[in-house]
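Here is a short report on aromatic rings and their neighbours. Take a look at the structure first.

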Amino acid sequence: SAILLAAQITGKGDSVRREAMTQNVLYYGDNLDILREHIKDESVDLIYLDPPFNSNQDYNVLFAEHDGSRSSAQVSAFKDTWRWDQAAAKAFRDVVEVGGRVSETMQALRRILDSTDMLAYLSMMAPRLVELKRTLKATGSIYLHCDSTASHYLKLLMDAVFGPVNFRNEIIWKRKYGKAGPTNRFGRCTDSLLYYVKTDQAVLQTQYRASDPNYIRKFFRFVEPDGRKYRIDNLASPSPRPNLTYTYKGYKPPKKGWAISKEKMALWDKEGRLHFPSSKSGRIQRKRYLDELEGEEVQNLWDDILPISSQAAERLGYPTQKPEALLERIINASSEKGDVVLDPFCGCGTTVAVAQRLKRKWIGIDITHLAVSLMKHRLQSSFGRRVKYEVIGEPKDMAGAAELAQSNPYQFQWWALGLVGARPVEQKKGADKGVDGKLFFHDDIEGGKTKQIVLSVKSGHVAVSHLRDLRGVIDREEAEIGVLISIEEPTRAMVTEAANSGFYESSWGSHPRLQILTVSELFAGKEIDYPPSQEVNVTFKKAPKVKTKRIDNGSLEFDESD
């Protein structure tokens, strides 16, 4: 890995073969490995990353109860805790041995930080930033989202990777209303976005925000007979313009001349865009109409994008979820339709969802199957069958499933639950582990009482005792159906036990109360037998559905969200 990193830092890695994946791909896995193995050199137009901040916290996915209340059911998404250990020491060594600016910066940071957890975090980030730079086109931009915990160190690291001359802004986003902190510290209510470009070829599209109402009241004081509001603005040239020094309708020019030609002055006069004072000693001024005002140009203070409230339609319960408006501004500013947007710490998929809505191609990477499952559900909820993408890194066959089950049972559990659209539940220490996941449904057209299915996932050997335990869980949880997902084939005794457990009756017919689904059956397309999930599954909170409108050639075009 050190050799490959060296090749990338010195620009000699072009001969390293990589798979070019440039359109709508979700990757499961470590983003460093994915970047090195799959993302082609200079194939990405825009990168947004919201890496963990070394906040020393555990983050849980929070699910809403089916009645809309906050749920006690949650599952750990990731631990934002970094430790200086053998792996961190190796990552630091690999970066340092390459040499160059990144190596020198990391060595300087070690002299400041010593062998601390913060240095472990920066040692994780350094090679990833190097790889991200490699993937960017010459016209590309990158936005690194961080808070004050590590922003100053990350800026030094970004300077080392991208060069100080390619730093453009530290954007301050007011993410919440501050609360009083400890007596020796002000409350923290902002995050930072470190905005860099690959080269001077990068272009930033001007963005606008709503104008300040006080500004409108103060300056747009004039009204046309038809009710159209306007303000008057100076038409004088800021520098001497002898060729634009002329008298118009008896009004003498400013000392340095007019800002426009006599021909344009006549045109604006004809269009009613000039304000003539009553006295000829006054100065002609330009009319600026309120209905033509695009708004204020966006600067580096973003205090107009609200955080996601507890009642927001787009809130999905994922920790650190960012509002779509934030990503919309970034994507509109630094990319165009058809460009490729990459998010290497994808979480619940806000970046890919907004990129899809804005007609960009996208690449999302996350290291947990839980996040990948949430992203897939979000894309399905928002776009239905209109969105086409590939998932790489998930098991595609029994060999892959068996490998995942053996190497990481929790990831296997999340992946298996995702196959049937179920959500995981919290596994508290010492608690009964009979329930790994839940799935909710309504069994009548008008909704009615929400019913539930409890699921147990087994990554190893299974026996009839597991089914008997699940039957007890059904009774305890007052569930309608129980499902055992197994990587092994069930024994004859298990099949008999399930068959003797009776049925749940609904308007759609009879559904076995106790069901066994093997991973091989799931690969073959078999599903849980319960009332139609595409109509009544209420397991996850759905993302807002994106509207469509039909254009002349009959194709679909995405519009605003519901």
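Which residues do ring pairs link into a cluster? They are Phe162, Phe167 and Tyr196.

## Basis

This is a predicted model, in which local features need pLDDT of at least 70, side-chain atom pairs count only at pLDDT 80 or more, and totals for chains, interfaces and linings use all residues. Residues are numbered from 1 along each chain as its sequence is written, and side-chain values use heavy atoms, leaving out hydrogens and water.

## Aromatic pairs

The structure holds 15 aromatic pairs. Rings of Phe, Tyr and Trp (its six-membered ring) pair if their centres lie within 6.5 Å; planes under 30 degrees apart are stacked, over 60 edge-to-face, and the rest tilted.

One of the pairs is Phe412 with Trp415. It is tilted, at 5.7 Å centre to centre and 45° between the planes. Both residues sit in helix α13 (residues 409-419), 3 residues apart, so about one helical turn separates them. Phe412 is buried (under 20% relative accessible area; exposed is over 50%, partly exposed in between; 1.4 Å probe, protein chains only), at 1%. Trp415 is buried too, at 2%.

Phe441 and Tyr504 form an edge-to-face pair, because their planes stand at 70° with centres 6.1 Å apart. Phe441 belongs to strand β19 (residues 437-442) and Tyr504 to strand β22 (residues 503-506), so the pair ties together parts 63 residues apart in sequence. Helices (H or I, at least four residues) and strands (E, at least two) are DSSP runs, numbered from the N terminus. Phe441 and Tyr504 are both buried.

## Charges over rings

A charge sits over a ring if NZ of Lys or CZ of Arg is within 6 Å of the ring centre and within 35 degrees of the ring normal. The charged end of Lys155 is over Phe167, 4.1 Å from the ring centre. Arg329 lies over the face of Trp302, 5.1 Å from the ring centre.
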